[in-house]
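Good morning, colleagues. I would like to take a few minutes to go through the side-chain packing of one chain, and I ask you to keep the structure in view.

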Amino acid sequence: MNRFEGGSFREAKIRYLDGDYQIVSSGSYVICAMTGAQIPVDELKYWSVARQEAYADCVSSLEADKRAGMLPNQSRA
């Protein structure tokens, strides 16, 4: 769905799946769980199936995985 197809300018509700997602409630964007940024649905590339969260970019996704304990925290010395 592109941003001009009946989704209006509101937050979409999405079920995140492995390699795909299912739109539960139409909208034009989702919110990044790490930054709070609006991500246009047609530009959504990063999400967590386990946490059912969207991320604006790979850096946000990596930080979310670190926070969840899925990856070692590189900032420790």
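Let me begin with Ile14. Apart from neighbours within four places in sequence, Ile14 is in contact (heavy atoms within 4.5 Å) with Tyr21, Gln22, Ile23, Val24, Val30, Val41, Leu44 and Gln52.

A word on the source. The model is predicted, so local features need pLDDT of at least 70 and side-chain atom pairs count only at pLDDT 80 or more, whereas totals for chains, interfaces and linings use all residues. Residues are numbered from 1 along each chain as its sequence is written, and side-chain values use heavy atoms, with hydrogens and water left out.

Ile14 also belongs to the largest nonpolar core, which has 12 residues in all, among them Tyr16, Val30, Val41, Leu44 and Trp47. A nonpolar core is a set of buried Ala, Val, Leu, Ile, Met, Phe, Trp, Tyr and Cys residues joined through side-chain atoms within 4.5 Å. Buried means under 20% relative accessible area, exposed over 50%, and partly exposed in between, with a 1.4 Å probe and protein chains only. Strand 1 and strand 6 (53–55) are the elements that give two or more residues to this core; helices (H or I, at least four residues) and strands (E, at least two) are DSSP runs numbered from the N terminus.

How many aromatic pairs does a search of the whole structure find? There are three. Rings of Phe, Tyr and Trp (its six-membered ring) pair if their centres lie within 6.5 Å; planes under 30 degrees apart count as stacked, over 60 as edge-to-face and the rest as tilted. The pair of Phe9 and Tyr29 is tilted, because the planes stand at 45 degrees, with ring centres 5.2 Å apart. Phe9 lies in the segment before strand 1 (13–17) and Tyr29 in strand 3 (residues 29–31), so this pair ties together parts 20 residues apart in sequence. Phe9 is exposed at 66% relative accessible area, while Tyr29 is buried at 13%.

Tyr21 and Trp47 make an edge-to-face pair, 5.4 Å centre to centre and with 90 degrees between the planes. Tyr21 is in strand 2 (residues 20–25) and Trp47 in strand 5 (residues 46–48), 26 residues apart. With 23% relative accessible area, Tyr21 is partly exposed.

Finally, helix 1. Ser61 lies in this helix and is buried, at 16% relative accessible area. Beyond its neighbours within four places in sequence, Ser61 is in contact with Tyr46 and Tyr55.
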